[in-house]
Amino acid sequence: MANATAPPHAPTTPSSAFPQSLTASNNTIHVSLTYTPLSLTTTLSLIRSPSAGALVTFTGTTRSTFANRPVSTLSYSAYAPLALRTMLEVCKSVQDKHGVLGVAMVHRLGEVPVGEDSVVIAVAAVHRAEAWRAGEEALEGCKERVEVWKEERFGDEEGGGGVWRANRDGALGVRVDLRPETGGVVGQGEGEGGK
C-alpha cells in the first residue's frame with residue numbers, strides 16, 4: 001500500500017506563504033476559508049439586509065465522537081483556489097434557485113478542537129421558507145462539492161492516528177499514523193518496512 005497522505009492543498013497550519021484567510025465575494029455572496037475561529041455575528045453581517053425578513057444560519061462544530069470513537073481534534077485542509085471557486089458556484093446556484101437575498105459560506109482550516117465551529121452557512125431571504133431550503137442546500141453543496149478534506153484524530157486505545165476523509169458524512173477514509181522517526185505518515189496496513 002502506498003503512503004496515505006492528504007492530497008496537495010493548503011497546509012493544515014498557516015505559514016507566511018499562506019494567509020490567515022482567503023475570501024471571495026460579490027454584493028450578495030461571500031465565501032471564505034480561514035485559520036481563525038469563526039464568528040456567527042461577522043458572517044451574518046455579510047448578508048444582512050433591510051429587505052430580509054429571515055436570516056437562517058447553520059453552524060457545524062467538531063463533535064466529541066465519531067463511530068463510537070473519541071475524537072481529539074479535526075484538522076481541515078483545502079485546495080484553496082478551487083475550493084473558493086466551488087463555494088462561489090454553490091452559493092450562486094442556491095441564490096438563483098431560491099431567490100434569496102444573500103448567501104455566506106465560511107469554512108475553517110487547520111486544527112479545530114472539539115466544540116469549536118468548522119463551518120458557518122448564512123442565508124438572508126424575504127421569507128423563512130426559501131431561507132431554510134437555501135441554507136440546507138448550501139450546506140449539502142459544501143459537503144458534497146467543495147475541495148476541503150479533514151483528518152479526524154482519535155484519542156482511544158486504538159491509537160491517536162488519524163483518518164483523512166473528504167468533507168462528507170459517511171465512510172471512513174484511510175487511516176494515517178505518524179512515523180515517529182521521520183514525522184512522515186504511514187498508511188494502515190503498512191509495517192516498519194512500509195514505504
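Strand β5 and strand β9 (residues 148-154) run antiparallel and are joined by seven bridges. Helices (H or I, at least four residues) and strands (E, at least two) are DSSP runs, numbered from the N terminus. Two strands pair if DSSP finds at least two bridges between them. This is a predicted model: local features need pLDDT of at least 70, side-chain atom pairs count only at pLDDT 80 or more, and totals for chains, interfaces and linings use all residues. Residues are numbered from 1 along each chain as its sequence is written, and side-chain values use heavy atoms, with hydrogens and water left out.

- In β9, E151 stands opposite S75.
- Strand β7 (residues 110-113) pairs with β5 in the antiparallel sense, over four bridges.
- L74 has V112 of β7 as its bridge partner.
- Strand β4 (residues 65-66) also pairs with β5 in the antiparallel sense, over two bridges.
- R69 in β5 stands opposite F66.
- Two residues lie between the strands of the β4 and β5 hairpin, where A67 takes a positive phi near 50 degrees.

**Helix α3**

- α3 spans residues 128-145, 18 residues in total.
- The buried residues of α3 are E130, A131, A134, G135, A138, L139, G141, C142 and K143.
- These buried residues pack against β3 (54-61), α2 (80-98), β6 (102-108) and β8 (117-125), with contact meaning heavy atoms within 4.5 Å.

Key: Expected span 1.5 Å × (residues − 1). Buried < 20%, exposed > 50% of the residue type's maximum accessible area, 1.4 Å probe, protein only.
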